[in-house]
Amino acid sequence: MNYGGMKMYLDKFILPIDEESSLIKQRMAYNGGRFGYVDETYPCGIFSKNRFSELSFSKITILYGGNGSGKSTLLNLIANKLELNRIAPFNSSELFSSYVEHCKFELGLDDEGFKHRIPNGSRIITSDDIFDYMLTVRTNNDEIVDSTEDIRSEWGNLKFGNTVKMNSMDDYEALRLQVLSRKKSISRREFIRRVAGTEIKLNSNGETALSYFNSKFKNDTLYCLDEPENSLSPKMQLELVKMIEEMAHYCGCQFIIATHSPFLLAMEFTKIYDLEANPVDIKQWWELENPKVYFDFFNKHKGLFLHNK
C-alpha cells in the first residue's frame, strides 16, 4: 500500500505460530528419530504465548517491549526473511533458519497496484554496528597517528635524498612515494595526508553515532533499526527522530524499529506494537509503560522545573 506518498515496501509479516510444535518435532526427527532432541527451541514459543502471529506495517513501525519481549528477535526474523544486508551477528539457534523459512510476508502495492520490491541496499542496523564503527574509527585514527610520525621523518629522505632505482617490483612503492614527494604542487602536509590518511573526527559517542546513521540512510530504502537510541543522549535522540521522520515522509524510506525510547515512540505517523501486552496489541505511545514511568517521574518533580523557570 501507499500512505501519503510513502512507498510501503513491506506490507505484512506472518509468523508461523501454528507450526512451532511441528518445527520442533521435525528437528527432533532429524536429530535421531523418536529419540531425537532439540537443545534450544529459540525462537519458538516467544510470540505464541502472547497470541501474536501477524504484523501490518506503516511508514514507521515500532516493536516495543522490555528485555525478553522478543522485539530484537522479531526484527532479526524480518531482516533474515527479507535477506537484508547486515554486519553484526545475531542470536540464532538450530531452529532459527527453519522458523525463518516458515515465516511469510506480503509486499506493498504501488499506485498502479503492482507489488513493490525490497530495494537494494536495504539493511538492518544494530547497536553493535554503531559500537564497532566507533571502535574501528578510533583504532584507525591511532594507526594514522603512528603512520604519520613515520612518514613525516621519511619525507625529507624521499624529497632530497638519492633517487630510488627501480631494480624490481619491490622498489615500486618507494619510487611512487618519491615521485609524489617531489611534485611541486604537493606540500609536505599534503604528502603526509595522502600517504598516512586523514583522521575521522570523533566528538562524543552520540555525535559519532548520529553521523553514522546520517551516512547510512539513503533514499528509497527499507531499514530495520535495533535500539538505535543506544549511545544517544535525549537531545541526540530528538535529532535522530527528525532524521527518521524526514527520510520516511519525504525520501521514500520505510522503517521498522525495535525500541523503548519515549522520544522515538512519539514520532509522527508511527504504528506501535506492544509486545508486552497479552495479546500483543497496537498502542498509542502515551499508553505504554516506559513513557508513563518518565511522565510520573517528571510530574513528581515538576515543581523544581517550574521554580527554576
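Tutor: Contact means heavy atoms within 4.5 Å. This is a predicted model, in which local features need pLDDT of at least 70, side-chain atom pairs count only at pLDDT 80 or more, and totals for chains, interfaces and linings use all residues. Residues are numbered from 1 along each chain as its sequence is written, and side-chain values use heavy atoms, without hydrogens and water.

Student: Which residues does Leu-74 touch, not counting residues up to four places away in sequence?

Tutor: Leu-74 touches Phe-13, Leu-15, Phe-47, Phe-52, Leu-55 and Leu-63 on that count.

Student: How many residues has the largest nonpolar core?

Tutor: In soluble globular proteins, nonpolar side chains tend to be buried together. A nonpolar core is a set of buried Ala, Val, Leu, Ile, Met, Phe, Trp, Tyr and Cys residues joined through side-chain atoms within 4.5 Å, where buried means under 20% relative accessible area (1.4 Å probe, protein chains only). Here the largest has 34 residues, and Leu-15, Phe-47, Phe-52, Leu-74 and Ile-78 have the most contacts inside it. H2 gives the most to this core, 5 residues; helices are DSSP runs of H or I, at least four residues, numbered from the N terminus. A second, separate core of 29 residues includes Met-243, Phe-255, Leu-264 and Ile-272.

Student: What is the class make-up of the lining of the largest pocket?

Tutor: The lining has 4 nonpolar, 12 polar and 5 charged residues. Ala, Val, Leu, Ile, Met, Phe, Trp, Tyr, Cys and Pro count as nonpolar, Asp, Glu, Lys and Arg as charged, and the others, Gly among them, as polar.

Conventions: Buried < 20%, exposed > 50% of the residue type's maximum accessible area, 1.4 Å probe, protein only. Helix = DSSP H or I, 4+ residues; strand = E, 2+ residues; numbered from the N terminus.
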